[in-house]
Amino acid sequence: MPRSSRPYWIAVASIVSAASGCGSTDRVGPSADTTPIELLNVSYDPTRELYREINDVFARVYAETHGRAVSVKQSHAASGSQARAVIDGLEADVVTLAVWPDVEAVAKAGLVRSDWQKRFDNDSVPYHSVVVFVVRKGNPKNIKDWPDLVTGDVSIITPNPKTSGNGKYSFLAAWGSVLASGGSAADARAFVTELYKRTPVLDTGARAATATFSQKGIGDVHLTFENEAHLEVAESQGTLEIVYPPRSIRVDPPVAVVDTNVDRKGTRHAAEAYLGFLYSPEGRAIVAKHHYRPWGAERPTPAVGESWPAIDAFDISLVGGWESAMQTFFGEGGVFDAIYQPAGA
Amino acid sequence: MTSPRAPVTHASPVVNAALVAAAAAIVGLVIVVPLASVFAEAFTGGASAWWVALTHDADTRHAIWLSLTVAPVAVVINTVFGIAAAWLVARFRFPGRSLLISLFDVPFSVSPVVAGLALVLIFGRQGLLGPTLAWLDWKIIFAWPGLVLATTFVTLPLVVRELIPVMEAIGPDEELAAVSLGASGWQVFTRVTLPTIRWALLHGIVLANARAMGEFGAVYVVSGHIAGVTDTMPLRVEKLFQEYRTPASMAVASVLAGLALVTLVAKFAIERRLESEARDLATARAQDAGHP
């Protein structure tokens, strides 16, 4: 390199550093400038359709109230894998995951403040759901309640509880259904052992399990969230139907702002407004439209919210809360490891 | 052997026909039917619906664009590396040479998922270089550079593996002659080495490009699944399929399958050139031997 070109490189370097310096100081406040804000929502599988609509409406509402354009990018995969990706550096502004332990894992890694559960209403759970059954048209195996799952040659589709929030909830719903009807822990263990003998595949995420059941046509019954069940049945063109068991688990998918990322990117204001929007009347109406049960007393719109079928829902406390459930059931060498034998093994 | 075995060519016509039928059935079931069904599904709504599915969805457009940028960059890296590495291995003898050649094959034997995870362990936030990258504010994993790295890794052997046998077969004589006549290193490369390896190089590039476009496993791990940002074409195919948009999913799949067919034709044409060049070389050698 000839000597004469050195000042050129120094000039380039100083321009680059000046430019990047400007970029970061510009992004301090929500109204400091008008460049569009970009948020990344890292979510689990079944929320794709919900957030596609939420993101469009939120962008309009935020621009109207704060005068700043915002676009929200989405990332969807199995909830556990998504938590892991955020911990490994996927730059989420918000996480909207399936289960409490997944958000807690991100918090434990230091990316989310430890009081995240207190930052939004209802312990940061803006909507809930229940685990229901999806069966083939006409319910040929006559599956109405949890014990029916382990009769005859019924085969069951549910994702892997180790990686999937949907899978964890299905496992806990099955376990809790035994306890809630007066059974002992030993009865519950016998029941889930029998249940997982009837799972021909364990997909890693909820959406893959849905595809296995509805598109590949494997299995007699699919255990899944009510919202995913509605979508699955609507897409099946009359070949599938929903069965509400008399009792099931209440699904509480939590949300959190990823503090470390929003503070570095200067997106905190928009990120908090985004999650807050899920609790607003407009947000709740969209939530209900996509068959999630929105949180709150007043109904979001007259039509939805009245049509929710009654179900005797227990929550995670029936099985001892998330921390204990994670250790007892899904930890290394836990109940799931002990009872599950992969097909053919 | 007490009883002489009948030559293969004299096998009974029934056995022959059965074997041919079995081979045809397997090829048909495993390759032709699935490939045809992808195209059939992609074009169920007609060519215009196919075109709309490919071009009217911003995330799909971005996925196609992303694959068209990631794959060529990975191929260029592989080409430069492949030529340098093959030259080193074919022209020099040094301790650890066999080990090095074996290392070139590691990406073939390692599962792509493991390759992706290895990249996360190095470049991830908690990884070896995580703190340094965070300090520099460089994004590798869950961003474009990570996709290029993962793709480069899985396609690494394809170019170098094509070049080593050709360079060894040709030998250093012509290059040495050029050097003795005063050619510079670059002249030797562009006028002597490159012309002799060009068809093998092109063969490697075509294969590497096809593999790079289609790569799923390693890219899946490092992509972060951000629609419209880090979804390549194969990832987009899966996502569309899972979102019940099967025709759109198959439209993208048909582009990948079409690329595979183009690759096949290019590969066939290049292989014919390679064979004729090998024949020419053999003839030339024989003539040299005849006229010492």
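Guide: Chain A of this predicted model has a mean pLDDT of 85, with 86% of its residues at 70 or more. Residues 1-31 of chain A stay under 50 in pLDDT, and the model has 12 contacts beyond four places in sequence for them. Where pLDDT is low, the predicted coordinates should not be read in detail. For chain B the average pLDDT is 87, and 95% of the residues score at least 70. For the complex, the predictor gives a pTM of 0.80 and an ipTM of 0.77.

Now to the helices. Two packed helices are described by the angle between their axes and the distance between the axes. In chain B, the axes of helix α9 (residues 173-180) and helix α10(B) come within 10 Å and cross at roughly 145°. The crossing of α9(B) past α10(B) is right-handed. On the α9(B) side, the contact is made by Glu174(B), Glu175(B), Ala178(B) and Val179(B); on the α10(B) side, by Gln187(B), Val188(B), Val192(B) and Thr193(B). By class, four of these residues are nonpolar, two polar and two charged.

Helix α10(B) itself, residues 185-214, is not straight: about 60° of bend is found at Arg198(B). Its end C-alpha atoms are only 36 Å apart, whereas a straight helix of 30 residues would span 44 Å.

Chain A has a packed pair as well. Helix α8(A) and helix α9(A), residues 226-235, have axes 11 Å apart at an angle of about 35°. Here too, α8(A) passes α9(A) in a right-handed crossing. The residues that meet are Ala206(A), Thr210(A) and Ser214(A) from α8(A), and Glu228(A), Glu232(A) and Glu235(A) from α9(A). This contact has one nonpolar, two polar and three charged residues. An α-helix has 3.6 residues a turn, so residues three or four places apart point the same way.

Helix α8(A) also takes part in the contact between the chains. In that contact, 16 residues of chain A touch 17 residues of chain B. On the chain A side, β2 (70-76), α3 (79-87) and α8 (206-215) each supply at least two residues. The largest share, four residues, comes from β2(A). This side of chain A divides into seven nonpolar, four polar and five charged residues.

Definitions and conventions:
Residues are numbered from 1 along each chain as its sequence is written. Chains are lettered from A and ligands numbered from 1 in the order in which they are written. This is a predicted model: local features need pLDDT of at least 70, side-chain atom pairs count only at pLDDT 80 or more; totals for chains, interfaces and linings use all residues. Two residues are in contact if their C-beta atoms, placed from the backbone, lie within 7 Å. Ala, Val, Leu, Ile, Met, Phe, Trp, Tyr, Cys and Pro count as nonpolar, Asp, Glu, Lys and Arg as charged, and the others, Gly among them, as polar. The expected span of a helix is 1.5 Å times one less than its number of residues. The bend at a residue is the angle between axes fitted to the seven residues ending there and the seven starting there. Axes are lines fitted to C-alpha atoms, for helices over the stretch in contact, and angles run from 0 to 180 degrees between N-to-C directions. A crossing is left-handed if the near helix is turned anticlockwise from the far one by less than a right angle, and right-handed if clockwise. pLDDT is the predictor's confidence in each residue, from 0 to 100.
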